[in-house]
Every structure is written in C-alpha cells, then in structure tokens.
Amino acid sequence: MSAEQNIVVKQVEEETRFSEKLTPYLKELSKTSQAIKDMYEFNPEYETLPANLDVDLLNEKTSTPVFGTVKKYDGQLLVLLSYTCAANCRYCERQDRVGVGLDVEGRLKMSQIDDIVDYIANDKSIYEVIASGGDPLTNPKGLQYLFNRLKAIDHVKVVRIHTRYPLQNPGKVRMELMEELAQAKPTVYLSLHIDHPDELQPEVIEMIRAFKKMGYVLLTQTVFLKTINDDKETLKTLFLRLFELGVRPYYIYHGQEVTSTRRFVMRLEDEMAIMTQLRNELSGLAFPQHVIDIPSASGKVVVPSEHWQTDTATVTDFYGKTVRTADWSPITN
Ligand code: SF4
C-alpha cells in the first residue's frame with residue numbers, strides 16, 4: 001500500500017471510530033483513578049474495529065414516532081435532544097449516534113422540538129417525557145425550550161432528565177438553568193448515569209446537594225462493567241454513598257455488546273451473583289433493580305437473583321417474544 005493510501009485508510013478509520021473525548025476535569029481525574037482512565041481513554045489494544053453505525057441494539061431506530069424520539073413503553077416518550085456528550089464513555093451503547101466524527105444529526109433544532117411537542121400534545125396517553133441523548137445538557141437551549149412548552153400540556157405529569165454531564169464536566173453545569181428546569185412540573189426527576197465511586201468527587205457531591213435543594217427527585221443509573229465495577233465491594237461503596245446523599249440507585253444494567261464495548265461486557269451469571277450478595281447486605285433503598293434491555297426484543301426485564309432457582313437460558317420480553325440469552329436469537333415471535 002502506498003503512503004497516500006495509508007493516509008486515506010487511517011482517515012477512514014479515525015472517522016468511523018468511536019472518538020476519544022474527555023473533558024480537562026476527567027483528564028486530571030484519570031491521572032489518579034484507573035477506573036476513570038479505563039472508562040474514557042481509547043485503548044487501541046481492545047478497540048480494533050470501526051464503530052458499527054448500523055447497529056440498533058436497543059431497537060430505538062424502529063421505535064421513532066417522530067424525529068428525535070423513542071417510544072417503547074405506553075405513556076412514556078424519550079426525547080433525544082442531542083447526540084453529543086461532554087465526554088465519550090468507551091462503553092457507550094449509542095456509539096452509532098454519539099461521538100465526534102459520528103455525530104451526523106447533532107442537536108435537535110427548535111422546529112424539530114416543536115414537532116415533538118405537537119406529537120405529545122396530540123397523544124393524551126403520554127404522562128412522562130424523558131430528556132436524553134447523548135446528553136441533553138449539551139443542548140441547553142433545546143432543553144429549556146422543550147420543558148417550557150411541556151408546562152402547558154396538562155397530561156404530561158412528570159418530566160425526567162437523563163444526564164452524565166455533571167460527572168464529566170462539573171464546573172460547567174449551568175446551575176441557573178437547572179434551577180429553572182426543576183420548576184417545569186411539580187415532579188421533575190434527575191437521573192445521573194454513574195458507574196464508579198471515583199466519580200463522586202467533592203465538586204460532584206456539592207452539585208448533588210444543590211440539585212436536591214432545587215427540588216429534583218434524584219436517581220442514578222449504572223452499567224455493569226468488567227474491570228470497572230465487577231465486584232461487590234465497589235458497587236456497595238457506590239450505592240451506600242448515593243443512599244447517604246439522598247440519591248436513589250434506580251437501575252443497574254447488563255452491559256451490551258457493540259464494537260467498542262466488548263471488553264466491558266460481563267457474564268449475566270456473574271452479575272446475578274454480585275446482585276444476590278448486595279441484596280443480602282444493602283438496605284432496599286440502596287439497592288437498584290438489575291435489568292436487561294433485551295437485544296432484538298422489547299423492554300427492560302428484571303434479572304432474577306440467586307435467591308430463586310430460575311432457568312436463565314431464555315427470556316421473554318414485554319410482548320411475549322422469547323429469545324435465547326446465550327446469543328439473543330429469537331425462539332418465538
Ligand atoms: S454519557 Fe451516555 S450517551 Fe454519552 S457517551 Fe457516555 S454512555 Fe454514551
């Protein structure tokens with residue numbers, strides 16, 4: 001291959017790779033925390049393939065009633081306000097849409113948010129709207145506009161923000177905006193994606209306390225990650241610390257396999273063993289639900305603990321479709 005061809009191949013590889021992106025805050029933190037370093041730093045030893053842009057791991061691309069949304073459950077609508085994040089987690093399951101170089105759609109425009117609001121206004125069954133992404137805090141104007149417009153829709157009772165931004169860029173969160181958003185509805189949930197106790201740095205804890213004062217109901221979502229949090233003690237420390245801060249651990253997910261995530265995916269059985277030990281040792285309020293978003297099926301299904309003798313070879317989704325857990329191949333429709 002000529003030197004010129006080599007450059008072209010390298011460019012293509014870089015454009016189709018899930019990009020490395022860290023904030024200065026995370027760069028600094030990764031000097032002292034191996035977990036943070038592994039969560040964010042591109043590792044050429046493991047990530048040898050380009051990101052799979054065609055993947056639809058969570059069946060989101062086929063559940064889009066209006067551009068920029070996902071509707072998989074009755075009563076709820078997910079709004080993907082931005083395909084950008086402050087930093088790119090190496091285990092991102094939306095690597096087909098998130099990330100510098102792959103970010104083809106970017107942030108939702110106001111006219112697209114108007115279309116979404118019209119859709120919500122016309123569907124009286126929607127009681128909950130969830131702002132997600134990427135990270136919705138990377139589209140602050142869009143988030144502010146969406147929440148302002150939702151104030152006028154009575155059948156939307158609850159709004160929720162899913163974000164990792166406060167853990168990735170704590171000094172840059174627009175706290176006046178957060179204060180305003182907390183007033184959008186009588187109940188506003190703020191769900192933080194957090195995977196390791198090292199993420200609970202003093203500036204993050206200070207922000208959590210401020211969010212509480214603003215009136216948010218605080219939750220967390222966590223992903224099981226091999227080498228990061230694949231042991232009971234790490235998760236116990238995390239969940240107890242959150243519990244003490246008044247933050248309810250909500251979900252812990254089975255990690256899914258897409259190109260950049262392979263090295264982090266755990267065996268379901270190992271996750272179940274850890275959850276069983278945690279259930280024996282934690283207050284119910286500090287114990288999240290262990291769920292799996294079934295690939296090639298629909299719904300976040302609760303994973304059983306080892307307190308029961310269960311057959312984990314197959315799982316059935318919300319609509320009766322049964323798949324094999326070994327390879328997620330369908331048995332019935
Ligand atoms: S914050 Fe969420 S959406 Fe963004 S890169 Fe991390 S896992 Fe993906």
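In the predicted model, the buried residues of helix H8 pack against helix H2 (24–29), helix H6 (165–168), helix H7 (175–181), strand E5, strand E6 and helix H9. These buried residues are Val204, Ile205, Met207, Ile208, Phe211 and Met214. Just after H8, Gly215 takes a positive phi of about 105 degrees.

Ile194 lies in the loop between strand E5 (187–193) and helix H8 (202–214). With a relative accessible area of 1%, Ile194 falls below the 20% limit and is therefore buried. Leaving aside residues up to four places away in sequence, Ile194 touches Arg164, Leu167, Glu199, Leu200, Thr220, Gln221, Thr222, Leu238 and Leu242. One of these contacts, Arg164, is 30 residues from Ile194 in sequence, and their C-alpha atoms are 7.2 Å apart in space.

The strands were then considered together. Nine strands form an open sheet in the order E1-E2-E3-E4-E5-E6-E7-E8-E9, and the pairing is mixed. E1 and E9 stand at the edges and have a single partner strand each, so one side of each is left without a neighbour in the sheet. In general, the strands of a sheet pair through backbone hydrogen bonds, in either a parallel or an antiparallel sense.

E5 and E6 run parallel and are joined by five bridges, with Tyr189 opposite Val217 in E6. Strand E6 (residues 217–223) is in turn joined to strand E7 (residues 248–253) by five bridges, again in the parallel sense. In this pair, Val223 stands opposite Tyr253 in E7.

Strand E9 (residues 300–302) contains Lys300. UniProt, in an unreviewed entry, lists Lys300 under "modified residue: N6-(pyridoxal phosphate)lysine". When residues up to four places away in sequence are not counted, Lys300 touches Tyr73, Tyr251, Tyr253, Val291, Ile292, Asp293 and Phe318.

The buried residues of H4 are Gln112, Ile113, Ile116, Val117 and Ile120. Seen down the helix axis, these residues fall within an arc of 140 degrees, so they line one face of H4. Among the elements that cover them are strand E1 (69–70), strand E2 (76–82), strand E3 (128–133) and helix H5 (140–150).

Tyr127 is in the loop between H4 and E3. Its relative accessible area is 42%, and Tyr127 is partly exposed. Apart from residues up to four places away in sequence, Tyr127 touches Asp74, Gly75, Gln76, His155, Val156, Lys157 and Val158. Of these, Lys157 is 30 residues from Tyr127 along the chain, with 5.2 Å between the two C-alpha atoms.

For the protein as a whole, the secondary structure comes to 10 helices and 11 strands. Buried residues make up 56% of the 333 residues. Among contacts between residues at least 6 apart in sequence, 74% join residues at least 24 apart.

Note on methods. Residues numbered from 1 in each chain as written. Predicted model: local features only at pLDDT ≥ 70, side-chain atom pairs only at ≥ 80, totals over all residues. Heavy atoms only, no water. Buried < 20%, exposed > 50% of the residue type's maximum accessible area, 1.4 Å probe, protein only. Helix = DSSP H or I, 4+ residues; strand = E, 2+ residues; numbered from the N terminus. Arc of directions from axis to C-beta. Contact = heavy atoms within 4.5 Å. Pairing = 2+ DSSP bridges. UniProt positions renumbered as here; feature names shortened; annotations may be inferred.
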